[in-house]
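Please read these points with the model open beside you.

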Amino acid sequence: MITLLLAAAVALDPGAAVWKSAPVRQVALYRTPPLYATDAPAALEIPTAQAQVVREQGKVVLRLEWRDPTEEKTAAAPDGFADGCAVMVPAKPVQGDLNPSLQMGDAQNPVVLYYFDAARGPAVMEASGRGTTRRTGKAFPARAARSGPNWQVTLELPELPAGTPFSIAIWNGKQQDRDGRKYFSIWYPLP
């Protein structure tokens, strides 16, 4: 992937012209198994997402796009769940070839999540293993839009060195995705 340099404020618009020329990486998504006894197995309705990256001095803007014909923007009902996405990166530089666990890192290799929920907006989270995810009380710049049946979400992250591993997750509210019930990718290097 080639990295483009521009103003982060421009890149934060999911429909900005810069995204038409930014290289696209197709990211395969995998389903987590059911986590709760009441969860029925979920079909692989969202098999891929597209990831694009542009850089500005001190910032990385990542744009995710995926097909989801239904739009869940509220979690108000007892069984309602909102659509969402996240980018997970190591909390500290990776040493050697071993990335943190895809199950939210571990005690020696914690992770930071830049999470966007269609009902609640953006939140920064931290984790050091499965079941340890916690909100930090911080937000970050993010924007979301719909284009036909697709979600387009831009997430502004701090500057991260090229090669930093990132993983994405997608929550499909229609499938009652929440917490660890989601779509996820393997690690990819940031350009």
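1. Glu56 is partly exposed, because its relative accessible area is 25%. Here buried means under 20% relative accessible area, exposed means over 50%, and partly exposed is in between (1.4 Å probe, protein chains only). Glu56 sits in strand β4, which covers residues 48-56. From Glu56 to Ala144 there are 88 residues in sequence, and the two are 20 Å apart in space, C-alpha to C-alpha.

2. A word on the source: this is a predicted model, in which local features need pLDDT of at least 70 and side-chain atom pairs count only at pLDDT 80 or more, while totals for chains, interfaces and linings use all residues. Residues are numbered from 1 along each chain as its sequence is written, and side-chain values use heavy atoms, with hydrogens and water left out.

3. The secondary structure consists of 2 helices and 14 strands. Both kinds of element are DSSP runs numbered from the N terminus: helices are H or I with at least four residues, and strands are E with at least two.

4. How does the radius of gyration of the protein stand against that of a compact globule? For 191 residues a compact globule would have a radius of gyration near 16 Å, and the protein agrees, with 16 Å. The radius is taken over C-alpha atoms, and the globule rule is 2.2 Å times the number of residues to the power 0.38. Along the principal axes, the C-alpha trace spans about 45 × 40 × 30 Å.

5. Of the 191 residues, 47% are buried. The protein exposes about 9300 Å², and carbon and sulfur atoms supply 55% of that area. Accessible areas come from the Shrake-Rupley method with a 1.4 Å probe; for residues, only the protein chains shown count as cover. Among contacts (heavy atoms within 4.5 Å) with a separation of 6 or more, 62% are between residues 24 or more positions apart.

6. Which strands pair with β6? Two strands pair if DSSP finds at least two bridges between them. Strand β7 (residues 111-117) is antiparallel to β6, with 7 bridges, and Val89 stands opposite Val112 in β7. Strand β12 also runs antiparallel to β6, joined by 5 bridges; there Val87 faces Ile168.

7. Ser167 belongs to β12, residues 165-171. With a relative accessible area of 4%, Ser167 is buried. Leaving out residues up to four places away in sequence, Ser167 touches Ala86, Val87, Met88, Leu102, Ser185, Ile186 and Trp187. Its side chain reaches the backbone oxygen of Ser185 at 2.9 Å.

8. Strands β10 (residues 142-147) and β11 (residues 150-158) run antiparallel and are joined by 6 bridges. They form a hairpin with 2 residues between them, and Gly148 in the turn has a positive phi of about 60°. Ser147 stands opposite Asn150 in β11.

9. Side chains of opposite charge can pair when their charged atoms come close. A salt bridge is a side-chain nitrogen of Lys or Arg within 4 Å of a carboxyl oxygen of Asp or Glu, and the whole structure has 9 of them. In one, the closest N and O atoms of Asp177 and Arg31 are 2.7 Å apart. This pair links distant parts of the chain, 146 residues apart: Asp177 is in the loop between β12 and β13 (183-184), and Arg31 is in strand β3 (residues 30-31). Are these two buried or exposed? Asp177 is buried at 2% relative accessibility, and Arg31 is buried at 16%. Arg31, Asp177 and Arg181 are linked in a network of salt bridges.

10. Arg146 and Glu71 form another salt bridge, with closest N and O atoms 3.8 Å apart. Arg146 lies in β10 and Glu71 in the loop between β5 (59-67) and β6 (84-90), 75 residues apart. Arg146 is partly exposed at 24% relative accessibility, and Glu71 is partly exposed at 39%.

Key:
A polar contact is a pair of N or O atoms within 3.5 Å; within protein, one must be able to donate a hydrogen and the other to accept it, and residues adjacent in sequence count only if both atoms are side-chain atoms.
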